Amino acid sequence: MSAADFRKLAELFPNETVTHSYVQDIKLPAVKGSSPGTFALVTLDNGLDHTKPTTLGPNTLIELGTVLESLKERAARGEIVGVGVTGKPYFLVAGADLSTVKSVSGREQGLWMAQLGHEVYSTLANLGVPSFAFINGLALGGGLEIALQSTYRTVSTAAGALALPEAFIGLIPGWGGVYILPRLIGPENALKVMIENPLSNNRTLTGPQAFKLGVADAMFEPADFVEQSVAWAAQVIAGAVAPERANAVDPTEPEVAARWAGAIAAGRAFVEAKTSNASPAPAKVLEVMEATRTLTQAQSAELECETLADLMQTDEFRSTVYAFLDLVQRRSKRPAGAPDRKLARPVTRIGVVGAGLMASQLALLFARQLKVPVVMTDIDQARVDKGVGYVHAEVDKLLQKGRISPDAANRTRALVTGSVSKEAFADADFVIEAVFEELNVKKQVFKEVEAIVSPECILATNTSSLSVTAMAEDLEHPERLVGFHFFNPVAVMPLLEIVRAPKTDDAVLATAFELAKGLKKSAVLVKDAPAFVVNRLLLRLMGEVTAAFDEGTPADVADNALRPMGLPMTPFVLGAMVGLPVAQHVQESLHTAFGDRFPVSQNLQKLIDNGVKSIWDPASVTAGKPSIPAETLALMSFGDTPSTGEEVLRRTQDALAEEIGLMLDEGVVAGPEDIDLCMILGAGWPMFLGGITPYLDRVGASERVNGRKFLAPGVASEPA
Amino acid sequence: MSERPSSGSNTGAMPASSRNGSAKPTRNRTVREVVFVDGVRTPFGRAGEKGIYAGTRADDLVVKCIRELMRRNPSLPAERIDEVAIAATTQTGDQGLTIGRTAALLAGLPRTVPGFAIDRMCAGAMTAVTTTASGIGFGAYDVVIAGGVEHMGNHPMGAGADPNPRFMSERIVDPAALNMGNTAENLHDRFPAITKDRTDAYAVASQDKLAAAYAKDQIQPDLVPVATMKPGQGWTVNTVDEPPRPGTSVDDLAALKTPFRAHGRVTAGNAAGLNDGATAALLASADAAEELGLPVKMRLVSYAFAGVEPEVMGIGPVPATEKALKNAGLGIEDIGLFEINEAFAVQVLSFLDHFGIADDDPRVNRYGGAIAVGHPLASSGVRLMNQLARQFEEDPTVRFGMTTMCIGLGMGATVIWENPHHADYGFDIDKATATTTETGAAA
């Protein structure tokens with residue numbers, strides 16, 4: 001076999017952005033008086049700048065494989081004593097070209113892709129001379145596996161984002177990573193890299209962290225990384241340096257076998273807790289790693305290829321690529337429907353009406369990210385002091401954790417001030433309210449603010465359920481009002497729903513989007529509609545589960561019915577976290593707007609009336625065995641039409657499909673992609689659901705309810 | 001030679017202050033010895049799109065040198081560096097922004113280490129050395145880094161300069177003097193004995209001597225490898241100079257054009273080229289070197305700069321050398337090794353003729369010179385010092401050596417160094433002079 005045998009695969013992707021493999025011969029520096037010989041250094045470079053990462057598609061792999069095969073011949077002829085692989089500045093290689101992999105059609109093509117990688121990497125691992133990866137920058141998935149397949153590795157202290165994120169993407173590190181890594185750094189560390197990190201917001205390793213784990217044998221600073229790496233390679237080839245691998249293990253040893261099994265068991269528990277096993281990939285990583293302990297590398301390669309071919313056929317994988325690449329990486333950076341950014345006005349001073357917890361979080365965020373003066377107001381000095389005090393205390397916490405410098409802390413504290421008079425807003429460019437969620441209160445606030453601020457000052461509301469249109473009704477300048485809906489906790493959740501009311505003008509909207517960018521939030525444009533996107537869907541979902549519960553479905557059946565979706569938390573736990581009164585309040589608004597699609601639970605109302613904060617006893621949830629206290633149970637009454645878990649799940653899927661269909665008909669957002677982006681960034685819904693619409697398409701709910709799928713074939717599913 | 005100027009280089013107590021004759025506390029300021037600890041440079045490249053450093057930044061070249069110095073001298077704590085002086089003739093773009101400071105930061109030196117940019121055209125690095133050395137002598141610094149850089153591909157000579165019109169209107173400088181090639185032709189006019197045949201022969205010898213030095217591994221130890229990446233080619237590591245043309249013959253040179261004057265004498269073959277490169281050296285007070293366990297490769301004896309007519313700037317090393325010798329209390333016969341920059345062969349020969357030294361005297365440019373290796377303007381001074389230091393180590397019979405160069409707009413610079421490997425090192429110069437003179441007479 002040779003890489004060229006895979007041309008039939010490469011020909012299917014004529015538009016691939018090829019990462020080329022350029023070879024330069026370097027005479028190695030002298031070690032003990034003489035040069036060890038000639039070193040061939042391969043640079044992976046797509047010829048584009050740092051905004052276009054190098055990736056591995058079939059054409060790229062064939063070129064690399066062909067280059068490596070010719071180097072192998074040169075090594076056999078004694079012309080070279082070693083081979084190095086490095087990348088263009090900031091990248092070793094970003095990994096497999098996911099767009100290509102996603103559009104591979106049919107299992108056979110997927111298998112070819114997997115086998116092509118192994119063909120190329122096995123040449124690298126068997127050159128007849130030592131191979132060296134110089135990890136100069138980002139190395140993900142197949143990119144890091146190039147390094148793992150090399151005999152030796154150096155890493156730059158400045159290399160960011162080293163990872164095997166396949167479990168997150170919906171694949172396994174199946175170009176040798178799953179076989180090599182546990183042997184190189186020990187099974188526990190390997191699972192940290194292959195399971196824990198991918199499933200923890202797709203965390204990555206820095207160069208120094210990778211070095212500490214034993215992923216790399218030597219570490220050098222970026223200023224002369226290539227020079228020092230080549231010099232180190234000369235030392236290794238000359239035998240003057242022999243890297244020590246403190247974490248490396250021999251899996252045939254009984255003690256290691258036990259560690260291996262223990263690590264796999266811990267990994268399974270972690271995956272169950274994180275994903276409810278709703279996506280197949282993480283379990284496959286564990287399964288293959290478990291099996292490889294007693295396999296040869298060649299046997300493992302075969303298993304890896306077959307597993308990859310299977311997983312490439314899953315909709316969980318395709319949905320993740322859609323969610324990750326198409327939505328989070330691309331669409332979120334170019335919000336659909338946002339006006340020309342040139343229309344945006346500068347914002348140099350911000351007012352926050354209210355000094356409660358939400359208002360204080362907003363003030364802190366504005367001051368930290370925008371670095372402009374922020375003034376908070378409230379009805380009395382005590383509340384104002386409390387709000388400003390909260391901000392100062394949070395700044396102190398950041399300072400203590402070393403997240404900000406003392407100078408930055410001083411600056412941020414000085415930016416946030418408070419006042420009991422709205423006169424303090426006189427020269428503000430942007431005033432946002434975060435007062436009680438009651439239309440008349442908000443209208444009154446804006447009336448007072450409008451009397452003080454300039455006619456151009458933008459007014460924003462952080463309402464989660466009230467009509468922005470109604471709020472604008474009595475304003476002198478209704479075109480200046482925009483909805484600016486954050487998610488709790490404000491500092492953490494990346495989504496911002498920017499709400500356009502009928503009269504909101506483009507300059508105001510453009511400014512809102514620029515502010516969102518300055519705040520490092522991903523903004524989605526939504527039409528003014530009750531509860532916008534995230535809360536509308538969350539409450540529709542919670543409403544269905546609560547209704548099933550009220551009808552007599554046992555609590556654990558109702559609350560666990562959605563486990564196959566792998567949501568971050570169950571509906572009852574979510575309700576308690578949001579706060580039952582808040583959830584009920586929004587539900588009532590939605591009920592008023594949309595009627596019985598959003599039933600208001602009398603049981604929940606009884607709990608709220610009696611000051612009960614959670615259906616489950618919170619302590620029992622923490623302990624992992626949720627139960628309802630007898631006194632809570634006594635407050636509620638139930639019907640006699642219980643459902644099974646499957647029924648609750650199906651009913652919820654259908655409800656979500658119906659609601660999204662209606663939202664799209666109403667024009668709440670530009671398309672199903674924005675719904676998905678909102679659910680990923682605002683509710684933390686998993687990427688293997690693709691947000692939500694790929695999941696609803698996949699389980700048939702879209703067609704059951706709406707008669708058609710939300711997305712075209714191939715967008716987040718198998719190409720037509 | 002018997003004169004011992006009070007400002008001489010030897011250690012000695014300054015006169016105590018007795019202002020107003022009052023009983024003020026006695027002030028004793030000691031002039032401290034300055035030693036050359038180590039020096040490195042990048043391989044030199046040919047300027048232009050095809051050169052090895054096309055697409056590489058000048059400041060990055062300096063950074064490689066500073067980091068190599070730190071690696072080669074691990075006993076030196078980085079925070080002990082008191083100054084980083086880096087020369088560049090054109091101080092804009094990648095050579096701008098106070099390059100001594102930016103290079104220090106980019107090299108990873110502590111933020112407490114200051115730096116500055118300095119310019120004396122071709123003698124930039126040499127002036128960085130003498131200026132910081134004076135600071136060491138005065139007690140302001142213990143340890144410094146001094147060097148220079150010129151990326152003539154990124155910064156063609158004179159680019160962006162705006163000569164004052166008074167130079168022309170008041171005939172302060174002949175406009176032709178702003179072109180270095182013209183000044184070299186002028187020098188031929190002044191010294192008709194220096195023929196094109198002589199300069200070509202000198203240039204061929206320079207190429208041959210450099211090739212021989214390379215063969216004996218006398219150049220490579222002080223080169224810093226520099227990795228570069230070019231579009232469509234990938235990374236490579238540059239470890240040797242690009243400009244040399246070994247095997248050049250007199251016949252080859254005879255065929256070259258004389259671009260500065262029709263039927264002139266100055267060609268690309270008997271002049272230094274347009275080059276990219278950087279250098280850096282570590283200097284210290286003798287005490288600090290001892291305290292920190294740093295090697296001593298040379299001791300600074302004296303230095304001098306002198307001005308000449310800009311139209312014949314190449315003659316600059318002559319008065320500078322006379323001044324430096326006088327400052328040191330030495331004669332030209334005391335100098336056992338010369339490292340003279342070869343901007344043009346005619347300029348070297350005018351120096352040699354003045355001092356009665358043969359064109360092929362083995363004391364002069366043993367490893368060849370800039371005609372072969374290249375002359376990235378402001379960087380070259382430290383290259384001369386690196387080579388002199390290595391020759392000192394190879395030849396302990398030589399006590400004194402000289403680095404000298406001509407400078408655009410009519411100047412010369414000379415620095416005289418003492419060889420620590422010589423038997424008389426550490427003794428008074430007067431005694432030494434006698435010994436050296438005898439040796440010289442025997443030679």
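**How many of the 720 residues of chain A count as buried?** The share is 53%, where a residue is buried if 20 or more other C-beta atoms, placed from the backbone, lie within 10 Å of its own. Welcome to this predicted model, in which local features need pLDDT of at least 70 and side-chain atom pairs count only at pLDDT 80 or more, while totals for chains, interfaces and linings use all residues. Residues are numbered from 1 along each chain as its sequence is written, and chains are lettered from A and ligands numbered from 1 in the order in which they are written.

**View 1. Chain A as a whole.** Chain A holds 31 helices and 17 strands; helices (H or I, at least four residues) and strands (E, at least two) are DSSP runs, numbered from the N terminus. Its radius of gyration, taken over C-alpha atoms, is 29 Å, close to the 27 Å from the globule rule (2.2 Å times the number of residues to the power 0.38), so chain A is as compact as a globular protein of its 720 residues. Along the principal axes, the C-alpha atoms fill a box of roughly 85 × 60 × 50 Å.

**View 2. A six-stranded sheet in chain A.** Six strands line up as β1-β2-β3-β5-β7-β9 in an open sheet with mixed pairing; two strands pair if DSSP finds at least two bridges between them. At the edges sit β1 (20–27) and β9 (218–220) of chain A, each pairing on one side only.

**View 3. Strand β3 of chain A and its neighbours.** Residues 82–87 form β3(A), which pairs with β5(A) (residues 131–135) in the parallel sense over three bridges. Here A:Val83 has A:Ser131 as its bridge partner.

**View 4. Where chain B touches chain A.** Here 18 residues of chain B are in contact with 18 residues of chain A, contact meaning that C-beta atoms, placed from the backbone, lie within 7 Å. On the chain B side, α1 (58–72), β6 (226–230) and β7 (234–238) each give two or more residues. The largest share, four residues, comes from β7(B).

Definitions and conventions
A residue is buried if 20 or more other C-beta atoms lie within 10 Å of its own, exposed if 12 or fewer, and partly exposed in between; C-beta atoms are placed from the backbone. Two residues are in contact if their C-beta atoms, placed from the backbone, lie within 7 Å.
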